[in-house]
Amino acid sequence: MAKARKPGGMAETALNQMDLFGAPAQVLGPVAAVNAPTPLRPRPPAEPAPADLDDAALLARLPDAPLSKALPLITEAGRRRLTAAVPLLGLRLRRLAGYGLSGREPVAVLEALAAIGGPQATAIVAGLLGGVGLAGPVEVAALTAAVRLEVALDRKVLLRLLGTADAAARAAACRCVRQAEFPVIDALERLRADPDRAVATGAVCALGRLGRPTVRADLAQLVTAAPTRETVAALASVMDHVGVDADGLVALRRAARHADLREMVLEALDGFDDAQATALAAKLRQQAVQADAA
């Protein structure tokens, strides 16, 4: 007796089996709506770079900008020397002081204040150095700004800064010395023996700016070995106070070989009431003319 044949046979089985390798079947009905892709949201327009902002827009963003956006705004305000930005920069410093002045922002603010200048910027930097709590790069940045702004620091403040443990801050404090007061002079004389070379050089230059004869030989050696604008100015100040000497003239003559220092040396020589200095200035100018003609 023959077996009964199942309906559909192989063909029906093949039709009912899921196709694992073919194209996906279309899903109809409400499921399709659930799985429909979400349309992409358009990106917000990019903010203009600080350099592309006008002054008013830059100033409007400056007070409340977060750190990531504030740094380029602060730098741009300094680059433009926007006087109107000074109180806003001071406001940011006061806010930061509540959390401790550290990190990149206070350094950027101080650099901007130094670039902008003016009485208000000078007062902000002087007030900051007159307080306590500065340390590390922020303290050095404040002292560097004080040098550029020619801040006249109180004697007690200056003595404290000259004695700080940070060598970079001590060296910067030496550059802030502007008045010949004996406690400050004594501190500078001690710093001449500082183990940090930058501090010792800064102390020698500070004493030179004050016209102290004790550093004339040291300054002549510094200018002869590796002249800078700071060492040349200090040597010229000593010579102006205590008189022109042969070693000083030799050092200035060698410094004049550097093109970026020549005019500074000539100006110093012209300021001395001394025949040898006048003759040296004339000789240096003649050599410069001959070099240009060659």
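**A close look at the cavity**

Analyst: This is a predicted model. Start with the count: there is one cavity of 30 Å³ or more. Where is there empty space? Rolling a probe the size of a water molecule over the atoms shows where it is left. The largest cavity has a volume of about 70 Å³.

The lining of the largest cavity includes Val-151, Ala-152, Leu-153, Asp-154, Arg-155 and Leu-158. Cys-176, Arg-178, Gln-179, Glu-181 and Val-184 also line the cavity. By type, six of the lining residues are nonpolar, one is polar and four are charged.

Next, turn to Glu-105. This residue sits in helix 6, which runs over residues 104–116. Is Glu-105 buried or exposed? Its relative accessibility is 8%, so Glu-105 counts as buried, because the cut-off for buried is under 20%. The side chain of Glu-105 makes a polar contact of 2.5 Å with the side chain of Arg-92. Leaving aside residues up to four places away in sequence, Glu-105 touches Arg-92, Leu-67, Leu-71, Ile-74 and Leu-96.

Finally, step back to the chain. The chain holds 17 helices and zero strands. Of its 294 residues, 39% count as buried. Among contacts with a separation of 6 or more, 59% join residues 24 or more positions apart. The chain exposes about 17900 Å², and carbon and sulfur atoms supply 56% of that area.

Definitions and conventions: Residues are numbered from 1 along each chain as its sequence is written. This is a predicted model: local features need pLDDT of at least 70, side-chain atom pairs count only at pLDDT 80 or more; totals for chains, interfaces and linings use all residues. Side-chain values use heavy atoms; hydrogens and water are left out. Helices (H or I, at least four residues) and strands (E, at least two) are DSSP runs, numbered from the N terminus. Buried means under 20% relative accessible area, exposed over 50%, partly exposed in between (1.4 Å probe, protein chains only). A polar contact is a pair of N or O atoms within 3.5 Å; within protein, one must be able to donate a hydrogen and the other to accept it, and residues adjacent in sequence count only if both atoms are side-chain atoms. Contact means heavy atoms within 4.5 Å. On a 1 Å grid over the protein atoms alone, a cavity is a set of points where a 1.4 Å probe fits but cannot get out, and a pocket is an open set with protein on both sides within 12 Å along at least five of seven lines; lining residues have an atom within 4 Å of a point. Grid points are joined across faces, edges and corners, and a volume is the space filled by probe spheres set on the points. Ala, Val, Leu, Ile, Met, Phe, Trp, Tyr, Cys and Pro count as nonpolar, Asp, Glu, Lys and Arg as charged, and the others, Gly among them, as polar. Accessible areas come from the Shrake-Rupley method with a 1.4 Å probe; for residues, only the protein chains shown count as cover.
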